[in-house]
Amino acid sequence: MYKIVRRRPLKPMVTMVDVEAPLVAAKAKAGQFIILRVDEEGERIPLTVAGTNVEEGTVRIIFQVVGATTEALNHKMEGDYLQDFVGPLGKPTETEGIKKVCIVGGGVGCAIALPVAQEFHRIGADVTSIIGFRSEDLVILEEEFDACSNNLVVMTDDGSYKRQGNVTIPLKEMLEAGEKFDMIITIGPIVMMKFVTLTAKEFDTPVTVSMSPIMVDGTGMCGCCRLTLHTEEGSVMKFACVDGPDFNGYEVDFDEAIARGRTYAEFEKKAHDHVCNMFKAADELKAGTNA
Amino acid sequence: MAINPKKHEMPAQDPKVRAHNFEEVALGYEEAVALAEAERCLNCKNQPCVSGCPVNVHIPEFIMKVKEGDFEGAYQIISETSSLPAVCGRVCPQETQCEEVCSLGIKFEPVGIGRLERFVADWHNEQEALKANPPKSNGHKVAIVGSGPAGLTCAGDLAKKGYAVTVYEALHTAGGVLVYGIPEFRLPKAIVAREVQGLKDLGVEVVTNAVIGRTLTIDELFDMGFEAVFVGSGAGLPSFMNIPGESLTGVYSANEYLTRSNLMKAYEDNPNTPIMKGGKVAVVGGGNVAMDAARTALRLGAEKVYVVYRRSMEELPARAEEVEHAQEEGIEFNLLCNPVEILGYENPDDPRDPKNGTVRAIRCIKMELGEADESGRRRPVAIEGSEFDLDVDAVIMSIGTSPNPLIKDTTEGLEVNRRGGIIVDEGGLTSRNAVYAGGDAVTGAATVISAMGAGKVAAASIDEYLSAK
């Protein structure tokens with residue numbers, strides 16, 4: 001069992017927790033992920049590491065409530081335990097030889113992008129961060145990004161906070177103005193990563209995308225997380241859990257990945273509604289006994 | 001007394017009933033039947049069955065004990081050499097091992113050795129559990145990577161000799177393929193849990209959620225004070241055919257499909273892990289894993305399940321009993337045919353149709369058998385122009401695996417062959433000092449019992465190495 005030692009809601013639907021897992025904390029690097037199960041009957045879900053504290057032996061994860069499991073996770077409080085917590089999984093983000101980097105994060109993907117930005121900052125690279133959110137009430141980690149970026153741009157889709165529009169707008173402006181990045185690293189919704197890649201390609205700038213497909217075991221056994229790369233030598237199948245999660249954006253078959261990501265959409269919606277109703281019923285029961 | 005020429009039948013659930021439940025198919029011998037079956041053993045001098053068994057169970061001796069009605073005595077004889085008798089009695093391909101070479105089998109049907117083994121193990125397990133006491137410690141520490149049949153066997157053998165054994169398991173439950181791969185209806189998980197508990201009673205420590213190669217490396221295990229490491233990390237990444245359509249929604253590897261159903265319990269009502277249920281399903285491949293996937297699909301409510309295999313029934317590698325059971329349950333075998341493409345649904349009028357990108361059919365080509373290949377089996381050759389489509393909603397690829405690269409990539413000096421299997425000598429020693437390996441991580445996909453055999457061999461080598469230290 002793995003104890004939640006710290007819990008902080010960042011936004012109504014976005015929560016940060018620090019989980020006691022010393023072996024994982026000692027090893028995890030930016031770009032790697034963990035798999036957790038909330039309780040004994042729970043599913044295994046992958047979440048990317050948002051930070052570690054080696055002395056304390058804790059691993060930070062930041063998640064947005066999107067389905068049944070994240071809903072259940074969001075009901076776990078400080079001092080509660082998670083059933084399983086395994087990692088670090090996947091390969092760390094490649095930083096070697098990159099002196100000037102642009103980090104493009106979208107939504108809760110920014111939680112994953114932050115440790116990557118911090119790592120580049122730590123090794124002395126010039127860091128530009130572009131972070132985008134749907135609206136003001138979803139903006140997270142702005143201060144933290146500001147602390148590790150030479151240049152930070154915050155975007156919201158609806159213009160409710162800072163500049164309006166999607167992340168590719170400032171990226172394109174920078175590239176048009178002649179900015180030369182050694183690498184663009186993008187983490188967020190897959191459609192966003194696809195368009196960041198297309199923008200980068202126009203300017204011949206290399207781009208790394210962090211893929212988060214559906215997984216079961218996460219250790220290279222089930223093959224659920226497979227995706228297709230279209231390389232110079234032809235199309236090859238790769239497994240995000242052992243070969244990734246970072247891939248060359250130019251090579252990823254995004255449309256296929258988008259379709260595969262939708263496999264259980266229907267099931268997940270039903271499961272989420274079911275769990276929400278359960279928590280609601282439990283709350284009502286509690287309110288009833290207190291009254 | 002004349003010898004009964006036939007093995008006593010294994011009682012089983014009615015095929016029509018069991019096709020819709022996940023309870024165990026084979027029900028096991030009653031005591032009287034076991035006694036009668038034991039009578040059939042000739043107790044012959046040369047004991048071919050013992051050498052036919054990968055872990056050399058003293059078969060005639062245990063059967064003689066059964067004959068005397070001393071079932072606990074029989075159990076003790078089996079457990080001298082086998083750590084998992086209740087498992088082996090259920091999943092071993094006896095027809096190609098002990099029973100294949102049985103002397104009685106020359107004239108009649110061989111002795112039902114597997115069925116007797118299962119009877120003895122189940123009898124023992126039903127008694128008030130006699131908790132084994134940990135033996136006296138010899139002060140040596142050994143780490144085992146993976147809690148599948150190879151790892152559990154190696155752990156058991158070493159623990160009995162007084163070694164302090166720690167087993168590291170990547171998943172959240174111990175048992176490896178016995179838990180994530182083999183379905184409940186063939187090997188109830190309670191049996192695996194009991195075997196694991198038996199090892200814990202011997203003092204074996206099991207650490208789940210530890211991925212060796214990521215959470216800890218082999219070198220770190222030595223730094224932690226382990227003096228030898230056994231790697232039984234199992235089969236690894238699923239193989240695909242490299243044909244168009246394998247990324248469509250509804251295409252599974254058998255590993256994924258079985259893991260969802262078995263380990264994650266997607267077969268139970270209201271599970272948290274989703275799996276596709278119902279519809280028509282094609283399973284590609286002819287091994288035990290393919291049979292397990294096909295029969296699982298049926299139990300999950302598929303209206304039709306096809307097994308697609310490129311050779312003929314004669315070459316089908318699955319255990320005979322599983323093939324028979326699958327046929328009885330109504331699974332249709334499409335032999336001598338090979339998939340060339342998986343076809344997806346596309347609605348030209350509605351790009352937002354949720355069915356877009358899902359499987360609608362599998363296109364196969366008919367095959368004929370040509371000359372024998374290096375494996376001795378006749379090579380299947382495609383018959384030009386014989387393509388046909390099977391309408392299906394899901395395809396499960398069960399065509400093997402390639403070893404997991406995590407340990408190789410993080411262990412300097414660990415040599416692997418061109419397929420990625422860890423190279424070992426006869427005693428299971430790898431190219432790294434004090435690192436041993438066995439099971440699918442070495443051989444590629446094989447059987448539970450051969451993995452157990454490898455675990456046993458390595459345990460003996462580790463004992464020899466550490467007692468000389």
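**Ground rules.** I worked on a predicted model, where local features need pLDDT of at least 70, side-chain atom pairs count only at pLDDT 80 or more, and totals for chains, interfaces and linings use all residues. Residues are numbered from 1 along each chain as its sequence is written, chains are lettered from A and ligands numbered from 1 in the order in which they are written, and side-chain values use heavy atoms, with hydrogens and water left out.

**Entry 1, chain A, E2.** Is E2(A) mostly covered or mostly open? Mostly covered: 6 of its 7 residues are buried (buried means under 20% relative accessible area, exposed over 50%, partly exposed in between, with a 1.4 Å probe and protein chains only).

Next I looked up its partners (two strands pair if DSSP finds at least two bridges between them). Strand E1 (residues 2-11) of chain A runs antiparallel to E2(A), with 6 bridges between them. A hairpin of 2 residues connects E1(A) to E2(A), and Arg7(A) sits opposite Val17(A) in E2(A). E2(A) also pairs with strand E6 (residues 58-64) of chain A, again antiparallel, over 7 bridges. There, Val14(A) has Gln64(A) as its bridge partner.

**Entry 2, chain A, E14.** In a regular strand the side chains alternate between the two faces of the sheet. I checked strand E14 (residues 207-210) of chain A: Val207(A) and Val209(A) point one way, Thr208(A) and Ser210(A) the other, and all are buried. Strand E13 (residues 183-187) of chain A runs parallel to E14(A), joined by 3 bridges. Ile184(A) is bridged to Val207(A) in E14(A).

I found Phe181(A) in the loop between helix H5 (168-176) and E13 of chain A. Its relative accessibility is 6%, so Phe181(A) counts as buried. What does Phe181(A) touch, not counting residues up to four places away in sequence? The list is Lys100(A), Val101(A), Cys102(A), Thr128(A), Met174(A), Leu175(A), Thr205(A) and Pro206(A) (contact means heavy atoms within 4.5 Å).

Over in chain B I traced an open sheet of 5 strands in the order E6-E14-E7-E8-E9, with parallel pairing. Strand E6 (251-253) and strand E9 (332-335) of chain B are at the edges with a single partner strand each, so one side of each has no neighbour in the sheet. The twist averages 20° from one strand to the next (angles run from 0 to 180 degrees between N-to-C directions, and axes are lines fitted to C-alpha atoms, for helices over the stretch in contact). Strand E8 (residues 304-309) of chain B pairs with E9(B) over 4 bridges, in the parallel sense; Val308(B) has Asn334(B) as its bridge partner in E9(B). H13(B) packs on this sheet, touching strand E7 (280-284), E8, E9 and strand E14 (394-397) of chain B, and its direction makes about 165° with that of E8(B).

Helix H13 (residues 288-299) and helix H14 (residues 320-328) of chain B pack at about 25°, their axes 10 Å apart. H13(B) and H14(B) are therefore roughly parallel (under 35 degrees; over 145 is roughly antiparallel, 65 to 115 roughly perpendicular and the rest oblique). Asn288(B), Met291(B) and Arg295(B) in H13(B) meet Glu322(B), Val323(B), His325(B) and Ala326(B) in H14(B).
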